[in-house]
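Thanks for coming, everyone. Please take a moment with the sequence and the model on the screen. Then I'll walk you through it.

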Amino acid sequence: MWHTEICMIDEILKELEQVQTENDLTAFHKNYLSKTGKLTMMMAGLKDLSPEQRAEAGKRYNELKRAVEIEFFKKQAFLKEQAVNEKLKNDPLIDITRPAINELQGTLHPITHLTRKVSEICRSMGFLIVDGNEVVTEFENFDAVNVPADHPARDMQDTFWLTNGKLLKTQTSALQHEILKKYGPVVSAIFPGRCYRNEATDASHEFSFFQCEGMMVGKDISIANLIYIMKTILSGIYGKEIEVRLRPGYFPFVEPGFELDASCPFCGGKGCSVCKQSGWIEFCGCGMIHGNVLKMAGVNPEEYQGFAFGFGLTRMAMMQYAVNDVRLFNSGNLEFLRGIKR
Amino acid sequence: MKISVDWLKEYVDLKGITAKEIAEKLTQITCEVEEVITLGNGLESVVVGKILTCDAHPQSDHLHLLTVDIGKKEPLHIVCGAPNARAGIVVAVATVGTIMPDGMEIVPAKIRGCESFGMCCSYAELGYKAEDDGIIELPSETKIGTPITAVLPGLQDEIIDIDNKSITNRPDLWGHYGIARELSVIFDRPLKQIDTSIVHEYDNLEKLNIKIESENCLSYGAIKVGNLGGVVSPDVIQNRLYKLGHNSHGFLVDITNYVMFAFGNPLHAFDAQKIGKISVGGVTEGTEFITLKDNKISATKDMLFIKSDGVPVALAGVMGGKNSEITNETTDTVLEFATFDASNIRRTSVAVGIRSDASMRYEKALDPELNWLAAAEVLRLMREYAPQAQVKSAFTRVAGKLAQQPAQEITVSKKMLNSFTGVDFGKLDKMVAAKLTALGFQPKIDAEKIVVIVPSWRRWKDVTNAADVIEEIVRNYGYQNIVPVAPSVSVAPVPYTPIAQAKDNLKDLLAWKYAFNEVHTNIWYDSKALKQLKITAPSYATVANPFNKDDNQIRSTMLPSMLTVASINKMQNNVRVFEIGRVINKDGSETEHLAGVAVGMDYKVLSEMITDLFNRLGIMVQYQLKQLDLNVWHPKNHAQILYKNQVVGSIGIIHPQVMSNAVGFEVNLSAIDFTTVEQCVAPVLSKFPKTQLDFTFVWNDVYAGLESIWSQFRHPLVTKYCLTAVYENKFTLTFTVSSLEKTLDKAEINKIHQEILDFAEQNGVHLG
């Protein structure tokens with residue numbers, strides 16, 4: 001009997017070969033390989049054999065069962081793959097060209113993008129990045145940076161004065177004094193920030209705008225250093241070699257003072273609409289920090305000297321993003337802000 | 001300020017130098033040139049002609065038919081409407097092809113049936129001067145056929161327009177002579193020296209009575225002249241003024257303007273009959289003064305006046321008075337050549353709201369010595385162009401104490417010069433000496449130092465210290481010649497300040513994870529928007545001079561700004577906006593806030609977001625239910641945000657009357673200490689199995705109460721707990737239990753189970 005059963009193996013395998021579906025396979029498993037399956041039950045028949053026969057038959061039995069099991073697993077894997085492939089055939093083709101509908105899109109303000117760029121470059125060159133108040137004293141905004149009492153900038157029409165005598169800072173230079181006192185006398189720092197001017201608004205004027213001030217003070221910081229640093233910062237910001245040139249300029253807090261022109265980063269100096277075909281853009285005011293500014297912050301101008309510069313981040317953003325109306329930056333207009341992604 | 005190149009040539013030889021070169025060099029070395037305007041271009045084809053015949057036009061009552069000899073074989077036929085056209089006069093004829101200054105091209109034309117081949121020009125049509133009472137009548141001996149440009153020098157000129165802002169610090173540049181001096185230095189050409197000896201030719205005449213009562217008057221000079229009434233200015237003066245944008249008002253007024261544009265010193269003319277003893281000083285506060293342009297001024301104690309026998313007759317440096325102005329009846333004139341304190345003039349000018357050519361110059365701190373140059377020029381012009389004029393007094397000039405101070409000497413060490421500029425001037429003594437000498441600084445240079453004497457025209461608020469002298473040297477050396485040098489500073493890492501880092505992280509998370517849009521708003525409330533949104537928000541600082549009178553309240557909370565932005569974006573989907581900005585608090589302090597508003601966001605999602613934002617920075621925040629005053633909040637659903645048990649912000653649903661379906665938050669970042677964030681340590685993983693124990697507690701208050709109890713629970717084998725389910729007032733907390741050393745057996749776990757229950761009972765928390 002045992003022998004006949006063993007002879008059945010070929011037929012079992014043949015039956016397995018005929019299996020086409022997972023259901024049939026499950027039935028097959030139940031029929032032969034489960035605990036009560038025929039193949040498993042055959043094991044019971046072994047006990048009737050003599051010990052010698054039993055060892056021989058047991059070995060044989062295990063080989064055969066293993067063979068069935070291997071075929072079973074192969075079949076199982078085959079059917080599974082077949083089923084997946086069948087399913088894939090029926091999967092719909094997804095229109096990859098169709099945009100997601102109503103997807104949320106966060107953005108940072110363009111000024112944030114530029115401030116980060118400038119800060120990153122300046123930090124890599126050893127400049128501290130300092131932040132400061134928007135409401136400052138008249139002393140900080142004017143006296144401390146050597147703006148004389150009768151300078152036009154102090155007039156009502158340019159400055160937003162508060163009833164408590166303070167004012168909304170009109171220039172980031174208002175932080176020079178505090179920074180020199182806090183970090184000086186040897187200090188390199190930039191201080192981007194928001195400024196306010198009381199003037200009629202139009203496409204190129206806005207009450208509030210962002211500037212970035214910078215300064216470097218040490219024992220022998222020179223005009224040659226100023227040119228080097230500005231050239232390096234600008235080349236860093238625009239990711240290409242930028243030429244700079246100085247012209248005489250007047251700002252009360254520096255002596256000598258300069259206007260700094262940069263070779264136009266948008267056309268490489270060939271002339272375009274941004275640089276009004278001149279190949280140069282007026283980039284910033286700068287100069288050697290006035291001795292009075294140092295003195296007032298407790299820095300001895302006989303011993304220390306340095307330069308300061310200030311440029312308009314908002315103006316830079318206008319050029320960078322080709323924005324022709326400065327008022328858009330503070331408009332809160334999401335249609336505009338969402339369009340600026342980097 | 002407009003500068004005529006033709007006029008400059010009177011003071012400095014500019015042969016071979018183009019206006020473009022002048023503009024370029026000035027921009028590089030001195031000041032900013034905005035524009036170069038070419039005048040009289042293409043007028044070479046306007047030639048001198050003589051009217052041979054002049055007949056009436058058959059079809060017109062005012063046109064003439066002329067034949068004009070312009071030196072060609074055939075005379076020209078020209079139709080002309082000028083009333084003074086007549087045979088015999090010598091005129092300027094624009095021939096066919098000429099493009100006139102106004103852009104009109106002269107072409108052969110038929111005017112009411114008669115052919116015309118040119119145009120007889122007036123001075124105004126050629127752009128020479130404003131006067132326009134007919135065609136030009138040239139002296140009869142003028143050679144026919146000569147180009148008009150050779151007959152009227154000054155017709156062709158170039159005007160250099162200088163940006164006034166770029167010379168605010170250069171009182172010496174407010175006239176042609178000052179610019180000529182710069183050019184003489186730049187191009188190394190000699191500058192004409194002005195001979196002032198003419199003013200002393202009248203020294204034996206009677207002196208005027210002048211007294212300076214205030215230090216705000218640096219110097220006061222005056223001279224009385226007569227017989228100038230009705231004198232017309234010569235063409236050269238009219239032309240020069242016209243090119244700078246001024247019409248002629250008769251010789252007397254013209255020369256005051258002319259001399260101001262030449263040397264920068266403003267002049268004033270009084271009717272001598274109305275001038276007695278002159279004194280310069282203040283008047284009683286409240287004294288009424290009427291300017292010659294009828295501005296009514298109530299004097300303040302700071303204002304400086306020119307007084308005649310004690311009565312104010314001019315607001316010094318700003319404008320003359322009605323009571324002493326020149327009229328048609330004026331016979332004699334007192335001309336003023338004075339210098340006043342710059343700050344005083346500026347303050348007065350701002351206070352009375354009058355900004356004149358004079359005040360604009362005086363507020364730059366003019367050189368008192370200019371009085372001499374100006375007086376000499378006036379006398380020279382009178383002698384040349386108005387010989388009938390009579391000088392009736394000595395040029396009387398009084399100098400105040402300040403103007404009598406000796407010239408300042410400044411020493412610049414060569415070491416400082418080199419260190420300041422980063423340029424080695426060691427071998428450049430000759431260049432330095434030449435430039436400083438030409439600028440009038442009388443330099444003495446030795447091995448260590450440069451000593452200069454500041455010339456009078458640079459000493460007032462201009463060159464006062466070594467850095468100023470260095471500027472003179474370097475700008476003339478040429479900024480473009482400075483080689484960039486890297487600074488020699490110590491290399492040390494620059495810290496990224498924790499607050500800056502925190503702000504960057506918050507912005508990134510909000511934008512890139514939570515899809516918020518960063519916006520910028522002003523520091524004041526938008527009054528109109530607040531009204532529309534029905535928001536009342538407190539303000540503790542007020543703008544004294546707001547641009548819009550109602551937008552004067554500085555914000556103490558940023559939520560109204562965010563709601564304003566959200567409201568103007570109603571047409572956009574998924575409005576989620578935030579800003580990191582500043583507010584002014586009740587105690588006057590300024591703090592930095594993060595605020596945002598999101599439309600269509602679930603309140604719970606928002607609170608999870610805030611928790612997440614700060615968790616990532618190592619900051620734990622909690623919420624506490626509390627009724628807040630700000631009327632933007634839903635009456636119930638809002639809360640305070642706590643950090644270390646201090647209130648740092650608020651969060652909640654926006655009141656539907658303000659905005660429907662919106663949530664908002666605001667956090668005072670200045671109140672959070674980002675510097676002492678605990679070190680982030682990796683979790684210790686156990687090799688042994690974990691067990692989770694669930695407890696469902698009944699709790700009839702907000703979750704924060706339950707949380708505050710369980711946050712106190714400590715057990716060495718309970719690694720964490722969290723809220724895993726909520727049903728009505730039943731809160732399920734799941735506690736994770738594990739040991740690093742072994743697998744916990746049933747008895748041990750049961751013990752922990754009991755300990756948790758005991759802790760709950762002790763704190764009045766019961767199983768549900």
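This is a predicted model: local features need pLDDT of at least 70, side-chain atom pairs count only at pLDDT 80 or more; totals for chains, interfaces and linings use all residues.

For chain B, the average pLDDT is 94, and 100% of the residues score at least 70. Where is confidence lowest in chain B, and where is it highest? The lowest is helix H18 of chain B, residues 703-710, with a mean of 89. The highest is strand E26 of chain B, residues 517-518, at 98.

Now the domains of chain B. Domain 1 comes in two pieces, 2-40 and 158-186. Domain 2 covers 43-155. Then come domain 3 at 197-404, domain 4 at 409-480, domain 5 at 498-671 and domain 6 at 691-767. Between the centres of domain 1 and domain 5 of chain B, again over C-alpha atoms, there are 55 Å.

Next, the contact between the chains. Chain B puts in 68 residues, and chain A puts in 62. Which helix gives the most to the side of chain B that touches chain A? That is helix H13 of chain B, residues 466-477, with six residues. By type, that side of chain B has 36 nonpolar, 23 polar and nine charged residues.

Let's go inside chain B, starting with helix H2, residues 19-29. Its buried residues are Ile22(B), Ala23(B) and Leu26(B). They span an arc of only 95 degrees around the axis, so they sit on the same side of H2(B). Why does that spacing work? An α-helix has 3.6 residues a turn, so residues three or four places apart point the same way. The buried residues of H2(B) pack against helix H1 (5-8), strand E2 (33-39), strand E10 (157-162) and helix H5 (176-186) of chain B.

On to a hairpin. Strand E4 of chain B, residues 64-69, runs antiparallel to E5(B), and five bridges join them. His64(B) faces Cys80(B) across the pair. Six residues lie between the two strands, and Gly71(B) in the turn has a positive phi of about 90 degrees. Is strand E5 of chain B, residues 76-80, enclosed or open? Four of its five residues are buried, so E5(B) is largely enclosed by the rest of the structure.

Last stop: helix H16 of chain B, residues 559-568. Eight of its ten residues are buried, so H16(B) is largely enclosed by the rest of the structure. Among the buried ones are Leu559(B), Met562(B), Leu563(B) and Val565(B). Their cover includes helix H15 (527-533) and strands E29 (576-584), E30 (590-599), E33 (646-654) and E34 (662-668) of chain B.

That's the tour. Thank you.

Notes:
Residues are numbered from 1 along each chain as its sequence is written. Chains are lettered from A and ligands numbered from 1 in the order in which they are written. Domain bounds come from an automatic or database domain assignment. Two residues are in contact if their C-beta atoms, placed from the backbone, lie within 7 Å. Ala, Val, Leu, Ile, Met, Phe, Trp, Tyr, Cys and Pro count as nonpolar, Asp, Glu, Lys and Arg as charged, and the others, Gly among them, as polar. pLDDT is the predictor's confidence in each residue, from 0 to 100. A residue is buried if 20 or more other C-beta atoms lie within 10 Å of its own, exposed if 12 or fewer, and partly exposed in between; C-beta atoms are placed from the backbone. Two strands pair if DSSP finds at least two bridges between them. The arc is that of the directions from the helix axis to the C-beta atoms.
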